[in-house]
Amino acid sequence: MVFSSLFFLCVFLPISLGIYYIIKNRTYRNCILILTSLLFYAWGEPIWVTILIFLTFLNCFIGLAAEKNRENRKGKISVAISVTTSLLILIFFKYSGFIIDNVNGIFGTSLHMVKINLPIGISFYTFQIISYVIDVYKGEVDAQKSPFKLLLYVSLFPQLIAGPIVRYKDIAEDIDNRVETAAGFNYGVSRFIMGLGKKVIIANTAGKTAEAFMGTDYTRLPVLGAWFGILLFAIQIYFDFSGYSDMAIGLGKMFGFTYKENFNYPYISRSVTEFWRRWHISLSSFFRDYLYIPLGGNRRHKLRNLFIVWLLTGFWHGASWNFIIWGLYYFILLFIEKLFLNKLLGKIPAIFSAIYLWIAVLVGWVFFYHTDLSQAVHFIGIMFGANNAPISTPEVSICLRNNAVFLVIAFIGCTPALKLLYQRVNSFVQNAKGILVLESFVKPIFNVCVLILSIIFLVGQSYNPFLYFRF
């Protein structure tokens with residue numbers, strides 16, 4: 001089940017909210033959330049929901065052991081068991097086929113493995129479970145004594161299958177003592193609708209158009225067509241994933257949970273370093289806090305630590321060499337920026353650093369998109385005029401003109417321009433009556449229009465994937 005489906009919008013969510021708010025008891029409300037979350041997951045994964053439940057219950061007891069033995073060796077052993085068990089299950093389901101294929105290719109063997117579907121969201125909830133046990137061992141949070149409350153944390157459907165990666169210490173208080181308010185619910189609804197619009201109206205439109213360039217015969221693709229295609233993919237993946245994060249944050253707020261932001265307008269960055277502080281913040285902070293800093297951070301072996309983090313960041317995204325290359329590509333850029341480029345980028349006019357960032361990111365998305373590395377290299381060659389590719393064709397020119405308004409809307413959506421405009425309008429309103437008009441009439445009408453338009457798009461669309469479901 002996905003958020004951007006008519007069944008979720010018209011059936012699952014209204015019924016879940018209705019039952020939740022009819023019941024007043026906190027314990028029963030938590031039970032309802034667990035049941036609806038497991039149903040949400042089992043809708044697409046009726047078998048593999050058992051893995052989620054098994055890992056949660058196992059790590060509940062491991063967490064108690066880690067808390068009890070923080071001062072001795074048993075605590076470290078508890079953490080090692082948790083991390084090893086969780087990662088082995090993740091590796092088995094996500095990477096075993098990749099490993100066997102490469103062993104066969106290198107050694108000429110004929111090892112075979114039965115194809116197993118990847119459990120949706122396993123990369124996300126595995127990291128959440130690992131972070132929980134480590135934080136308990138470090139004393140940053142008390143161990144949860146109830147496996148059912150820990151299951152609520154892990155399985156909560158707003159963030160279950162595509163993040164953001166929520167840390168237990170950030171919502172531990174919400175599990176027992178959250179307060180649902182009308183203002184919080186209204187904010188959640190508004191945030192969810194904005195995310196839905198980003199996904200359905202912008203991401204799906206960009207993805208559908210990008211296919212005409214990214215999924216075509218590259219021998220006839222012009223330079224401008226290659227840039228336009230990868231630009232559309234960049235728009236798609238940003239609005240797809242940030243839209244999902246917005247919906248997750250909004251849904252969490254409807255049920256009284258507060259999730260941290262996962263995106264902060266990454267495309268307005270002036271460097272790759274800044275870009276990764278703004279893109280998929282929950283993943284970047286996870287690798288920083290649970291891998292980079294424990295390895296030594298900037299204190300020792302900085303280059304090695306950076307290499308390991310970005311190797312694993314790429315591998316986390318998928319069991320394919322293109323994702324590893326994508327991760328190492330960013331390792332190289334970040335290393336160069338740490339050496340000298342960041343100082344230079346801070347001195348030159350912003351327009352040039354923005355151009356650098358966009359070129360760097362678009363080239364990176366080429367590796368992310370293509371599982372066939374030879375295709376990726378061929379595509380990059382076309383982007384920079386290799387293989388005698390023509391600059392443009394009449395078809396590309398027509399497509400650019402037809403999508404000019406859409407591109408302007410998408411670029412504005414990549415910036416905080418609308419948010420700043422709304423804040424500016426609010427600041428000009430000097431009386432409570434004017435603010436009431438904005439908050440009680442203008443904003444709800446805008447939300448209703450976006451919701452209706454999104455539903456219209458959903459009714460007429462057959463293209464509605466979530467790109468990060470496969471990770």
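**Spans, rings and a buried asparagine**

In this predicted model, the unreviewed UniProt entry places the feature "transmembrane region" at residues 47-65, 77-96, 116-137, 221-239, 307-336, 348-368, 404-422 and 434-459.

Biologist: How far apart are the end C-alpha atoms of residues 348-368, and how much of the span is helix?

Modeller: UniProt lists residues 348-368 as a transmembrane region. In the model that span has 0% strand. Its end C-alpha atoms lie 29 Å apart, and the helix share is 90%.

Biologist: Is Asn-104 buried or exposed?

Modeller: Asn-104 sits in helix α4, which covers residues 73-107. Leaving out residues up to four places away in sequence, it touches Thr-109, Ser-110 and Leu-111. Buried means under 20% relative accessible area. Asn-104 comes in at 16%, so it counts as buried.

Biologist: What kind of aromatic pair do Tyr-238 and Phe-239 form?

Modeller: The model has 62 aromatic pairs by the rule used here. In this one, the centres are 5.0 Å apart and the planes make an angle of 75°. Over 60 degrees counts as edge-to-face, so Tyr-238 and Phe-239 are edge-to-face.

Biologist: Which helices hold Phe-307 and Phe-331?

Modeller: These two rings also pair edge-to-face, 5.4 Å centre to centre with 80° between the planes. Phe-307 is partly exposed at 34%, while Phe-331 is buried at 13%. The pair ties together parts 24 residues apart in sequence, because Phe-307 lies in helix α12 and Phe-331 in helix α13.

Methods: Residues are numbered from 1 along each chain as its sequence is written. This is a predicted model: local features need pLDDT of at least 70, side-chain atom pairs count only at pLDDT 80 or more; totals for chains, interfaces and linings use all residues. Side-chain values use heavy atoms; hydrogens and water are left out. Helices (H or I, at least four residues) and strands (E, at least two) are DSSP runs, numbered from the N terminus. Buried means under 20% relative accessible area, exposed over 50%, partly exposed in between (1.4 Å probe, protein chains only). Contact means heavy atoms within 4.5 Å. UniProt positions are given in the numbering used here, feature names are shortened, and annotations may be inferred rather than shown by experiment. Rings of Phe, Tyr and Trp (its six-membered ring) pair if their centres lie within 6.5 Å; planes under 30 degrees apart count as stacked, over 60 as edge-to-face and the rest as tilted.
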